[in-house]
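Thanks for coming. Please have a look at it first.

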Amino acid sequence: MAAVLITVDDLLPFAPGIDEAKAEAMIEDALALAAEVAPCILEESFSKPAAAKAILRGAILRWNDAGTGAVVSQGIGPWSQTIDTSKVRRAMFWPSEITDLQKLCGGSKNQAYAIDTVPTSGVIHAEVCAVNFGALYCSCGAILSGGEPLWELP
């Protein structure tokens with residue numbers, strides 16, 4: 001059971017008269033596609049279901065408003081009207097909605113971290129390392145690892 005619960009009743013204030021079977025299928029599709037980009041919405045411990053519901057509702061209503069894809073023309077005397085509902089639906093969610101869903105899943109990405117740039121232990125070169133023969137470079141990779149040789153055994 002998904003932590004995000006959206007029903008036909010959630011769509012009715014914005015799309016009165018929507019077919020219930022159509023709405024349920026659209027909700028099911030939207031939840032399935034949202035779970036692909038933000039799997040956390042399926043977890044019971046998901047802490048922001050209202051925000052995810054708002055994103056899903058907007059995408060479903062946009063899909064519903066896209067129409068059937070028909071172009072209808074009406075004319076009376078010298079006046080005419082053309083109604084074009086051929087908007088192409090390329091994807092369920094806009095890129096911004098995908099980003100918003102993913103942000104709901106993750107915590108803050110701004111976290112403190114440290115990179116140790118000075119090794120605290122001595123470097124142990126391999127016996128066949130060029131340093132041991134008076135060279136100014138390391139051929140065993142111990143300087144890169146900051147400790148043990150990478151390519152040759154000591």
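Predicted model: local features only at pLDDT ≥ 70, side-chain atom pairs only at ≥ 80, totals over all residues.

Side chains of opposite charge can pair when their charged atoms come close. How many salt bridges are there here? The count comes to 2.

One of them joins D10 and K53, with 3.2 Å from N to O. This pair links distant parts of the chain: D10 is in helix α1, residues 8-11, and K53 is in helix α3, residues 49-65, so the two are 43 residues apart. D10 counts as buried, because its relative accessibility is 16% and the limit for buried is under 20%.

The other salt bridge is between R62 and E97, whose closest N and O atoms are 2.8 Å apart. Here too distant parts of the chain are linked, R62 in helix α3 with E97 in helix α4, 35 residues apart.

Helix α4, where E97 sits, covers residues 95-105. Beyond its neighbours within four places in sequence, E97 is in contact with I55, A59, R62 and M92.

Now the surface. Which residues form the negative patch? They are D9, D19, E20, E24, E28 and D29. Helix α2, residues 20-37, gives the most to the patch, with 4 residues. E28 lies in helix α2, and E28 counts as exposed because its relative accessible area is 57%, where exposed means over 50%.

Key:
Residues numbered from 1 in each chain as written. Heavy atoms only, no water. Contact = heavy atoms within 4.5 Å. Patch = residues over 30% accessible without salt bridge, like charges linked within 9 Å, V, L, I, M, F, W, Y side chains within 5 Å. Areas by Shrake-Rupley, 256 points an atom, 1.4 Å probe, with all protein chains shown as cover. Salt bridge = Lys/Arg side-chain N within 4 Å of Asp/Glu carboxyl O. Lys, Arg positive; Asp, Glu negative; His and termini not counted. Charge placed at Lys NZ, Arg CZ, Asp CG, Glu CD. Buried < 20%, exposed > 50% of the residue type's maximum accessible area, 1.4 Å probe, protein only.
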